[in-house]
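Subject: Structure handover

Hello,

The structure we discussed is below. Notes on what turned up in it follow; please read them alongside the coordinates.

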Amino acid sequence: MTVLATAFGTIRLGLIGFGTVGQALRRLIGEKDLPYEVSSILVRDPGKPRSAPVTTDLERFRSGRYDAVVEAMGGSEPAGSLVAHF
């Protein structure tokens, strides 16, 4: 367990993007029993099949309480503009 996790408990993550990288991150957190929790996932395309609940609503995502936001969307836009909100 990391020093940060020991001091603050579970670290809540907001995840932007749920393709190859985003899904792998979520899977590794579960497999390795890491002290992180993916609290919300923001995606571009709500029509793709997903293994977790996702949202395309930026305001809903922004209203979440996160200790950190991870950008795993890929490409410079809209990822860059989304990260600028945090």
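In this predicted model, helix α2, residues 20–31, lies across β1, β2 and β3. Its direction is at about 155 degrees to that of β2.

The strands under discussion form an open sheet of 3, with parallel pairing and the order β2-β1-β3. At the edges are β2 (36–42) and β3 (68–71), each of which pairs on one side only. From one strand to the next, the twist averages 30 degrees.

Strand β1 covers residues 11–16. Of its 6 residues, 5 are buried, so the strand is mostly covered, with buried taken as under 20% relative accessible area.

On one side, β1 pairs with β2 in the parallel sense, over 6 bridges. Leucine 15 has isoleucine 41 in β2 as its bridge partner. The chain gets from β1 to β2 by way of α2, and this β-α-β crossover is right-handed.

Two bridge partners in β3 can be looked up directly: valine 69 for glycine 14, and glutamate 71 for isoleucine 16.

Regards

Technical notes. Residues numbered from 1 in each chain as written. Predicted model: local features only at pLDDT ≥ 70, side-chain atom pairs only at ≥ 80, totals over all residues. Heavy atoms only, no water. Pairing = 2+ DSSP bridges. Helix = DSSP H or I, 4+ residues; strand = E, 2+ residues; numbered from the N terminus. Axes fitted to C-alpha atoms, helices over the stretch in contact; angles between N-to-C directions. Contact = heavy atoms within 4.5 Å. Buried < 20%, exposed > 50% of the residue type's maximum accessible area, 1.4 Å probe, protein only. Right-handed = clockwise from strand over helix to strand, strands pointing away.
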